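Subject: Structure handover

Hello,

Here is the structure I promised you. Please open it first, then read my notes below.

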Amino acid sequence: MELRSGPVGRSGLRGLLGRIGFFLSVVVVISPAILVFLWMLSLAFKTDIDNIAYPPVFIPNPPTLDNFLSVFQNSPFALYTYNSIIVTGGATLLALLVGVPAGYGIAKARAHKLGVLVLLARLTPGLSFLIPLYILFQMMGLTGTLWPMIITHLVITVPIVAWIMIGFFETLPHDLEEAAMIDGCTLWQAFYRIALPLSRPGIVVAAILSIIFSWNNFIFGVVLAGRETRTLPVAVYNVLTFEQLSWGPLAAAALVVMLPVLVLTIIIQREIVSGLAAGGVK
Amino acid sequence: MKKGLTTGRGAASSVSRRTLLQAGLGVAGLAVTGGIALPRPAIAQAAGFDWKRFKGQHIEVLMAKGPRGDLLQKYRKEFEELTGITVGDEQVPEQQQRQKTAIEFNSGNTSFDVLMIPYHVQKKMFGKNKWMEDLRPYLADAKLTAPDYDVGDFAKGAIDYATQADGRLDSIPINLDYFILYYNKEIFAQKGVAYPKNFDEMTAAAEKLNDPKAGVSGFVLRGIKNANVVVWTDLMLGWNRDPISKDGALPEDADAVAAATLYKKLITSYGPQGSVQFNWNECQSLFALGKAAMWIDGIGFALPLEDKAKSKIVGKVGYGVMPMGPKANHSALFGDGMAVSAFTKKKEAAWLYVQWATNKTMQARNLTGGYGSPGRNSSFEMAKTATDLKAPREWVDCMSGSIKIARPGLPEIVGVTEFRDIYGIALTNMIQGGDPAAELKKASEQFKPILAKTEAG
Amino acid sequence: MTTGATFSDHAEEAVPTGHLDRFTLDGRGRYMLFIVPALAVMFAVIIFPWLFTLFMSVHDWRIGQAKAFVGLENYRNLLHDERFLGAVIRTLIYTVLATALPVVLGVLSALVFHRNFPFRGVLRAVFIMPMMATPVAVALVWTMMFHPQLGVLNYLLSLVGIPPSLWVFDQATVIPSLVLVETWQWTPLVMLIVLGGLASLPTEPYESALIDGATPWQMFRRITFPLVLPFIMVATIIRTIDAVKSFDTIFVITLGGPGTASETINLYLYTQAFAFYQIGYASAMVVVFMIVIMALCLMLLYLRQRAQWN
């Protein structure tokens with residue numbers, strides 16, 4: 001249901017002014033995001049000399065791919081990308097595995113106090129995990145593998161999945177499962193056969209937000225990842241060169257890292273919005 | 001090797017006993033290098049010595065990001081071919097690298113077998129905990145050290161800098177960094193200013209050359225906390241004052257205040273806006289764009305400054321030895337070494353890497369390639385006749401000149417980072433208007449208990 | 001995000017299905033089996049760090065030195081640590097600003113995006129890109145834009161005749177500048193939550209208001225705002241938690257500088273733990289920090305409940 005909360009379109013001068021005002025407000029709202037990303041694009045496709053020229057050069061002329069080449073030549077970005085995919089994918093899959101049933105259970109049992117327990121992970125400052133977990137993973141002999149990163153990222157992904165799924169399952173009608181259980185379905189079958197298929201849109205949103213926030217995580221990787229297990233955000237930070245302000249490669253690296261999540265965002269923006277709206281924020 | 005030629009010029013006769021390199025790095029050393037043959041490529045080295053004893057092993061090397069890391073990575077293949085050992089090496093930004101080595105060492109297990117260690121920050125902490133292998137037995141073992149390695153070729157000052165208080169030599173110096181005064185010759189010529197001979201002339205030159213309207217500042221200096229401390233201590237050495245004096249006095253006396261006052265003046269009167277948050281990369285960018293007349297920093301920036309893709313002042317860079325201070329003439333010294341983790345199971349292979357990384361060829365390449373400043377005398381001998389110098393000869397000359405007046409720019413204590421952080425904040429406060437004497441006093445009050453605690457434990 | 005679900009007090013409501021009213025194995029309790037794995041995973045990951053932190057917080061331990069039991073000394077020292085107290089104040093200022101601005105702007109932009117207009121979908125996607133983009137990468141780009149001599153922001157200011165700012169390069173402007181980045185990045189999150197709220201609004205009140213001849217402002221003030229207030233509160237809570245823990249942005253752009261001008265608790269904590277290696281002291285700081293965060297959350301939850309009663 002679309003309901004206009006602003007000035008409702010009317011005929012006449014006032015309506016026209018209102019419309020112009022509205023479109024101006026759209027421009028104002030949207031331009032900070034657009035301008036920063038455009039500037040980033042500009043930096044990534046210019047030479048270093050142009051990048052630190054003043055007054056600034058806005059349009060790359062001619063555009064250069066050198067910055068991207070230098071990023072890929074100077075560090076194993078392919079390996080980092082692979083690591084990021086495994087860590088994000090692993091942490092998201094595991095989070096779905098435990099988070100979706102948990103969301104269902106909490107919603108059905110109305111056990112929101114337990115939900116708050118899951119929330120505690122989100123309240124804990126990320127830094128405080130690092131040294132204890134490093135020591136723990138070393139005792140377990142896991143350092144040098146991607147497991148420490150996957151496990152630590154669960155701190156991010158499980159709460160996201162659980163919270164979104166709680167909201168989602170709460171809006172599902174109970175009748176179907178009740179009927180199924182009266183027909184002899186077990187609790188598990190009712191969840192698996194009836195609730196789960198219905199919650200597909202919620203799972204998609206949960207998975208994607210989980211992917212995005214896990215992908216973007218920086219601080220865990222700084223301490224827990226090594227040469228072979230580094231993820232992309234840490235790699236970008238490491239592009240900061242020793243010598244000087246090397247803005248082109250930096251912007252290029254930033255762009256490479258962001259690209260997957262930005263593409264995902266554009267593809268599924270409708271689902272994110274409708275998923276959040278449907279899931280409802282109670 | 002001859003002793004004690006160097007230290008301060010002129011009025012600096014009361015030179016501190018701590019002048020580290022007084023025992024003959026550089027020129028004093030060069031005098032006795034006549035017998036050293038020019039190094040040949042590493043592969044052809046040393047008939048009879050078995051480099052391949054540990055072939056098939058794999059070692060991990062953790063380095064701080066910088067030119068020396070570039071150098072070692074560039075020639076890694078030579079080592080792998082020479083020894084049959086495979087190497088996984090990585091450069092990490094220095095803050096992260098320092099964190100990582102300390103945390104891993106502390107856990108009693110390291111993911112790396114070889115590490116680069118900054119003497120000016122972590123030497124004492126790592127040494128006290130015996131986290132790095134004592135290399136003296138390795139050097140003495142003919143099966144492990146190639147006959148042409150010649151550890152005696154290292155300047156005594158360099159080896160002293162690497163040696164721990166208890167006599168352990170748990171790393172080999174790969175690079176020594178001296179603070180110098182970069183200056184833009186074009187800007188100097190335009191206004192007819194000569195290279196300053198002392199701090200007063202340096203200030204006067206900055207005054208004359210500072211031209212904010214034209215977008216040129218007289219000086220550019222690191223202002224960001226932590227990194228700024230070494231600029232101040234470099235100036236302080238001109239007052240013949242160590243960061244922490246031999247008797248443990250913290251830098252809050254008249255000399256320390258005078259140096260801080262000069263630092264404040266240079267940055268606030270002649271520095272670009274926002275200097276308080278500049279690290280070396282911001283400084284270097286402005287200097288390379290021709291937007292600053294002078295810049296005090298480590299000597300290792302010749303390559304980017306002489307690179308047309310990165311610099312607008314190629315060929316116009318002057319490399320000046322630190323001018324004379326009111327009481328002495330010194331250049332702040334810092335340095336890095338290569339070391340073997342005490343926790344590695346592949347100690348011998350790791351030592352072979354350290355040995356290769358610091359051999360005559362690699363050290364010479366450090367200098368001739370413009371990467372940095374080696375600890376071996378033979379490297380300088382090489383550079384004298386080298387025709388393929390990547391950096392201007394003036395840079396090498398500046399290095400030779402700085403070596404003679406080099407003196408540690410940071411105290412040899414466990415809590416170097418705390419020192420840099422606390423005094424660094426004091427300096428940023430000064431830049432933002434604070435009084436040097438009051439700020440240094442406050443910083444010393446904060447630092448005193450930390451020093452007592454970290455040195456006791 | 002739907003985080004808000006966890007804050008709701010549904011447990012107090014009557015359970016509509018009637019026969020599941022007791023928390024027993026055949027009532028609500030049987031759903032425990034669904035919840036246990038997630039709780040087990042969460043506790044497995046966070047319980048050891050918590051115990052470790054509590055244990056360390058009563059010890060004096062610097063990496064590389066022997067550790068010693070000191071009781072509550074670390075906590076007492078925190079009270080006298082001017083730098084820590086400064087960090088607490090800065091954290092509060094930062095949190096208030098980095099919460100209030102995104103919330104206000106997020107509500108306004110949600111009102112814009114709630115209306116239908118051409119290309120709304122695409123523009124909405126562009127609008128939420130900042131919150132999806134990797135914060136470290138974003139922070140690096142902002143660092144370049146803030147540069148006092150070479151940055152594009154000062155150039156743009158000069159075009160419209162405004163004198164250059166030093167942005168993050170001066171203690172007076174550093175926190176507002178960082179808040180600017182944070183606002184740019186997180187306004188979309190608030191917008192999404194409020195947009196969800198707007199979408200769920202009933203239509204009847206508006207229809208009767210229109211009949212009564214209410215102005216748009218009156219409708220917003222009397223109908224829209226009260227109805228979406230719970231959503232705004234949820235957004236505020238989420239923003240508060242994130243702002244108080246903000247790390248990536250400050251770390252990358254200023255490292256807490258100039259001096260300590262942007263050093264929040266999290267940044268000071270980082271310095272103590274990873275630069276000074278004072279694990280004991282840093283652990284005590286984590287404990288206090290957790291208490292501050294929880295207190296903030298509880299306060300906001302209380303405010304939210306009051307908003308609902310009204």
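**What turned up**

Gly141(A) has a positive phi of about 70°, and this residue sits just after α6(A). Keep in mind that the model is predicted.

Now step back into the helix itself. Helix α6 of chain A covers residues 127–139. At Leu133(A) this helix bends by about 30°. Which residues of α6(A) are buried? They are Leu127(A), Ser128(A), Phe129(A), Leu130(A), Ile131(A), Pro132(A), Leu133(A), Tyr134(A) and Phe137(A). So Leu133(A), where the bend falls, is among the buried residues of the helix, by the cut-off of 20 or more other C-beta atoms within 10 Å.

**Another helix in chain A**

Look next at Gln189(A). It lies in helix α9 of chain A, residues 187–198. Why does Gln189(A) count as partly exposed? Because 14 other C-beta atoms lie within 10 Å of its own, and partly exposed means a count between the exposed limit of 12 or fewer and the buried limit of 20 or more. Now find Pro249(A), 60 residues away from Gln189(A) along the chain. The C-alpha atoms of the two are 53 Å apart.

**The nonpolar core**

The largest nonpolar core holds 331 residues. The residues with the most contacts inside it are Val236(A), Ala254(A), Tyr353(B), Val141(C) and Val194(C). The top contributor is helix α7 of chain A (residues 147–171), which supplies 16 residues.

Take Val141(C) from that list. What does Val141(C) touch, leaving aside neighbours within four places in sequence? Its contacts are Val36(A), Met40(A), Ala251(A) and Ala254(A). Ala254(A) is also one of the residues with the most contacts inside the core.

**Where chain C meets chain A**

Here 91 residues of chain C are in contact with 95 residues of chain A. On the chain C side, helix α2 (residues 32–57) gives the largest share, 14 residues. By class, the chain C side has 65 nonpolar, 20 polar and six charged residues.

**Chain B by itself**

Chain B has 457 residues, and 60% of them are buried. Its fold includes 19 helices and nine strands. Consider the contacts in chain B with a separation of 6 or more: 76% of them join residues 24 or more positions apart.

Start with the bend in α6(A), then move on to Val141(C) and its contacts.

Best wishes

Methods
Residues numbered from 1 in each chain as written. Chains lettered and ligands numbered in written order. Predicted model: local features only at pLDDT ≥ 70, side-chain atom pairs only at ≥ 80, totals over all residues. Helix = DSSP H or I, 4+ residues; strand = E, 2+ residues; numbered from the N terminus. Contact = placed C-beta atoms within 7 Å. Nonpolar A, V, L, I, M, F, W, Y, C, P; charged D, E, K, R; others polar. Core = buried A, V, L, I, M, F, W, Y, C linked by C-beta atoms within 7 Å. Bend = angle between axes of the 7 residues up to and from the residue.
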